[in-house]
Amino acid sequence: MRLPTQYFFPFSVITLMKKYATIIIIALAAILAACTDDDTFSTSVGNTLTFSTDTVKLDTVFSRVPSTTRTFWVYNNSGDGIRCQSVRLKSGNQTGLRVNVDGIYLGGSQGYQTSEIEIRDKDSIRVFVELTAPDNNRKGPQLIDDDLVFTLESGVEQKVNIRGYSWDADIYNNVLEISHDTTITQGDKPIILQQGLKVDSGATLTVAEGTTLYFGQRAGIDVYGCLKTTGTDEKNVVLRGDRIDRMFDYLPYDRVPGQWQGIRFHESSYDNSLDYTDLHSAYNGIMCDSSALDRTKLKAYNTTIHNCQGYGIITVCSVVDLWNCQITNTLHDCAAFYGGRATLRHCTLAQFYPFDANRGAALRFANTAGGNDSPLDISVYNSLITGYADDVLMGDISEEGKAEYVFDHCIIRTPKPTTADSTRFTSVAFENIKDTAAVTGEKHFMKIDADKQYYDFHLSKRSPAIDAGTPLPSPWSLTDHDGLKRDDRPDIGCYEYR
């Protein structure tokens with residue numbers, strides 16, 4: 001019997017189907033073979049793991065304060081699958097280390113180990129490591145040293161060393177309230193203020209030379225009474241955040257802005273003084289609330305305010321006196337004065353904040369505050385005012401309000417003022433906005449490294465600020481920010497070139 005024509009296939013189609021069938025069979029065989037290989041785990045001592053590092057470094061952390069998380073990879077390039085008989089911390093939980101291996105936490109209920117780790121050929125797993133070290137009851141940072149041990153089914157042991165340093169500290173978990181005259185001095189342990197300091201009205205807090213205060217992220221200093229820091233050129237007072245480890249290998253947390261809340265001088269606070277004080281990486285460095293203008297709110301001498309996520313210093317209707325101060329790198333203005341009276345002598349205001357192109361000015365002043373007229377009197381002598389922008393000096397002056405402002409022997413990155421304003425500027429050099437070296441800061445300063453957040457605002461030998469100042473009455477031109485003697489031709493800014 002003859003089949004209908006539609007059931008006959010051309011010879012080429014039949015051949016093609018046979019060819020594809022052969023390919024499919026071969027592919028299925030390869031897949032089955034691969035699956036079989038993946039499920040094979042070697043017990044040969046020659047098959048071992050490879051690690052992305054042999055040592056995990058956790059920096060220095062305060063005891064009882066968690067570290068950042070560090071990670072490393074475990075690779076299997078042996079040619080066969082490898083099963084771990086166990087992965088364990090050699091010292092158990094004695095060091096305060098916390099380890100997660102491929103999603104499995106090595107907790108106490110498992111004896112700080114696991115036996116569930118399998119790594120197939122050409123595969124990898126990731127390990128996460130953190131440290132919250134217990135008190136060690138010793139002075140200074142103490143080494144934390146442990147091994148994460150991988151014991152293979154072959155009996156081979158492989159180790160990754162984990163090390164860091166733990167530093168016992170006096171930690172205040174609640175607001176430390178100062179209700180009577182008190183002096184804080186540097187003891188054997190660092191002082192950590194997790195919720196901050198409050199200085200009551202009528203009380204004076206003195207922070208002695210060589211003292212470092214560490215603040216938690218929500219912590220700052222609220223001053224209703226009086227704050228005095230009495231640092232020296234050799235022993236500064238340091239106010240900073242409490243993270244002493246690194247965000248990244250190249251970036252310590254101490255160089256990251258917004259680590260703590262800074263200082264606020266409330267309305268009732270007067271006669272505050274900051275001497276040889278290093279305040280850095282805060283949100284707002286210093287805030288001064290409106291006060292009576294017949295008393296000085298703040299004197300800051302030989303002081304650094306650097307790397308703030310808000311303002312460096314902002315004052316409203318206050319009397320402030322700044323001498324030999326470095327105020328640099330802030331998201332908002334480095335220095336902003338709304339009304340009141342401000343005197344700046346030998347100050348360096350440099351706006352090179354790297355994290356936001358909408359950064360504020362180096363110096364802003366206004367004769368209004370909160371929408372109301374506020375008489376302003378600002379005098380600036382021998383000061384360097386510069387930054388990335390073409391204009392880093394902002395004067396918001398209302399014609400209805402009273403405003404007096406003078407700049408004498410300064411270098412300012414701002415367009416040359418009009419004839420009407422020229423009487424307010426004496427022997428002032430206005431930076432050329434096309435001067436690339438001035439834009440980047442290389443013309444004035446020793447180091448501007450935005451990538452690593454490292455800055456050194458001492459004068460470079462290229463700076464026109466050298467020998468460009470005028471001698472001021474004693475003591476204003478005798479010494480610089482570091483306590484070094486100035487010559488009879490003082491440099492502009494807070495540092496004398498060496």
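Predicted model: local features only at pLDDT ≥ 70, side-chain atom pairs only at ≥ 80, totals over all residues.
How many bridges join β40 and β42, and in which sense do they pair?

Residues are numbered from 1 along each chain as its sequence is written, and side-chain values use heavy atoms, with hydrogens and water left out.

As for confidence, pLDDT is the predictor's own score for each residue, from 0 to 100. The protein chain averages 91, and 91% of the residues score at least 70. Over residues 1-14 the pLDDT is below 50, and beyond near neighbours in sequence this stretch has two contacts in the model. By contact I mean heavy atoms within 4.5 Å.

Back to my opening question. β40 and β42 pair in the parallel sense, over two bridges. Strands here are DSSP runs of E with at least two residues, and helices are H or I runs of at least four, numbered from the N terminus. Two strands count as paired if DSSP finds at least two bridges between them. Within this pairing, F407 stands opposite F425 in β42. β40 also pairs with strand β37 (residues 376-381), again in the parallel sense, over six bridges, and there S379 stands opposite V406.

Buried means under 20% relative accessible area, exposed means over 50%, and partly exposed is in between, using a 1.4 Å probe and protein chains only.

Leaving aside neighbours within four places in sequence, the contacts of L363 include A335, F337, I378, V380 and F407. In soluble globular proteins, nonpolar side chains tend to be buried together.

Let's move to another sheet. Five strands form an open sheet in the order β1-β3-β9-β5-β6, with antiparallel pairing. β1 (50-51) and β6 (104-105) stand at the edges with a single partner strand each, so one side of each is left without a neighbour in the sheet. β1 and strand β3 (residues 70-75) pair over two bridges, and the bridge partner of T50 in β3 is Y75.

Next, the aromatics. Rings of Phe, Tyr and Trp (its six-membered ring) pair if their centres lie within 6.5 Å; planes under 30 degrees apart count as stacked, over 60 as edge-to-face and the rest as tilted. The structure holds 18 such pairs. One of them is Y301 with W323, edge-to-face at 5.3 Å centre to centre and 75° between the planes. Y301 sits in strand β28 (residues 298-301) and W323 in strand β30, 22 residues apart, and both are buried. Elsewhere, F352, Y388, F445, Y455 and F457 form one aromatic cluster.

β30 (residues 313-323) also holds T315. T315 counts as buried because its relative accessibility is 0%. Beyond four places in sequence, T315 touches C288, V320, A336, F337 and Y338.

Two charges sit over rings, meaning NZ of Lys or CZ of Arg within 6 Å of the ring centre and within 35 degrees of the ring normal. R243 lies over the face of Y253, at 4.2 Å from the ring centre, and K297 over that of Y270, at 5.5 Å.

Finally, some backbone geometry to check. Most residues other than glycine have a negative phi, and most peptide bonds are trans. N137 has a positive phi of about 60°; it is in the loop between β9 (124-131) and β10 (142-152) and is exposed, at 67%. S427 has a positive phi of about 50° and is partly exposed, at 49%. The peptide bond from S474 to P475 is cis, with omega near 5°.
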